[in-house]
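Subject: Structure handover

Dear colleague,

Please find the structure below. My notes on it follow, and you are welcome to check them against the coordinates.

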Amino acid sequence: MTDKVNIALRVNGKSYAIAVEPRRSLADALREDCGLTGTHLGCEHGVCGACTVLVDGKPVRACLMFAVQVGETEVRTVEGLAKGEVLHPLQKQFWENHGLQCGFCTPGFLMLAAGALEADPDISDDELREVLSSNLCRCTGYQNIIKAVKLAAAEMRK
Ligand code: FES
Ligand code: FES
């Protein structure tokens with residue numbers, strides 16, 4: 001067995017001192033070592049986007065990144081979106097506009113959209129569709145996801 005490496009993962013403003021094998025994916029470290037199971041694992045091949053989290057504010061596939069690569073950089077997961085009992089505008093709009101059915105893809109879409117809207121609050125509809133097309137949903141047909149993200153974008157611009 002490979003020796004484990006001690007790292008301090010900074011996730012949602014909190015530090016997690018964990019010991020991981022160098023090959024441990026960020027997704028597994030978040031779920032298994034930090035107990036943050038909101039990040040979902042689907043394909044584990046970088047295709048579905050269910051594992052999307054923000055690293056240094058940018059959406060990444062957590063199944064394709066090693067935990068040891070994160071270093072001092074801040075990771076944000078779906079658990080950090082709400083402020084206490086107050087849902088993030090994206091969560092609220094997904095809820096109100098039926099942007100989810102089974103919910104398996106939802107954490108990934110929320111973090112993907114959060115990264116895109118924070119990077120460019122005035123993102124165009126075409127660019128938004130392009131960004132969202134990187135993640136897969138087997139339930140909704142995407143229309144309500146796009147609608148929810150557009151409404152959240154408008155709310156976040158206020
Ligand atoms: S689980 Fe990471 S892209 Fe599918
Ligand atoms: S809501 Fe089921 S996969 Fe998207």
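Val-5 stands opposite Val-20 in E2, and the bridge partner of Ala-8 in E2 is Ala-17. Helices (H or I, at least four residues) and strands (E, at least two) are DSSP runs here, numbered from the N terminus. Strands E1 and E2 pair in the antiparallel sense, over seven bridges; two strands count as paired if DSSP finds at least two bridges between them. The hairpin of E1 and E2 has two residues between the strands, and Asn-12 in this hairpin takes a positive phi near 50°.

This is a predicted model, in which local features need pLDDT of at least 70, side-chain atom pairs count only at pLDDT 80 or more, and totals for chains, interfaces and linings use all residues. Residues are numbered from 1 along each chain as its sequence is written, chains are lettered from A and ligands numbered from 1 in the order in which they are written, and side-chain values use heavy atoms, with hydrogens and water left out.

Sheet

The protein has five helices and five strands, and from the N terminus on its elements run β-β-α-β-β-β-α-α-α-α. An open sheet of five strands has the order E2-E1-E5-E3-E4, with mixed pairing. E2 and E4 (58–61) stand at the edges with a single partner strand each, so one side of each has no neighbour in the sheet. On average, neighbouring strands of this sheet are turned by 40° against each other, direction ignored. Axes are lines fitted to C-alpha atoms, for helices over the stretch in contact, and angles run from 0 to 180 degrees between N-to-C directions.

Helices against the sheet

Helix H1 covers residues 26–33, and Leu-26, Ala-27, Ala-29 and Leu-30 are buried in it. Buried means under 20% relative accessible area, exposed over 50%, and partly exposed in between (1.4 Å probe, protein chains only). An α-helix has 3.6 residues a turn, so residues three or four places apart point the same way. The buried residues of H1 pack against four strands: E1 (5–11), E2 (14–20), E3 (52–55) and E5 (74–76). Contact means heavy atoms within 4.5 Å. After H1 comes Gly-35, with a positive phi near 75°. Helix H3 (residues 106–119) lies across E3, E4 and E5, and runs at about 35° to E3.

Salt bridges

A search of the whole structure gives seven salt bridges, a salt bridge being a side-chain nitrogen of Lys or Arg within 4 Å of a carboxyl oxygen of Asp or Glu. Three of them are described here.

- Arg-10 and Glu-74 form a salt bridge, with the closest N and O atoms 3.4 Å apart. The pair links distant parts of the chain, since Arg-10 is in E1 and Glu-74 in E5, 64 residues apart. Arg-10 is partly exposed at 37% relative accessible area, and Glu-74 is partly exposed at 22%.
- Glu-155 and Lys-92 form a salt bridge, their closest N and O atoms being 3.2 Å apart. Glu-155 lies in helix H5 (residues 143–157) and Lys-92 in helix H2 (residues 89–96), 63 residues apart. Glu-155 is partly exposed, with a relative accessible area of 23%, and Lys-92 is partly exposed, with 29%.
- Lys-150 and Asp-125 meet through their side chains in a salt bridge of 3.3 Å, N to O. Lys-150 belongs to H5 and Asp-125 to helix H4 (residues 125–132), 25 residues apart. Lys-150 is partly exposed at 34%, and Asp-125 is partly exposed at 42%.

Cysteines

The structure holds zero disulfides, a disulfide being a pair of cysteine sulfur atoms within 2.5 Å. Cys-48 is buried, with a relative accessible area of 14%, whereas Cys-139 is partly exposed at 32%.

Overall

Of the 158 residues, 44% count as buried. The C-alpha atoms fill a box of roughly 45 × 30 × 25 Å, taken along the principal axes. A compact globule of 158 residues would have a radius of gyration near 15 Å, and the protein agrees with this at 16 Å. That radius is taken over C-alpha atoms, and the globule rule is 2.2 Å times the number of residues to the power 0.38. Among contacts between residues at least 6 apart in sequence, 53% join residues at least 24 apart.

Regards
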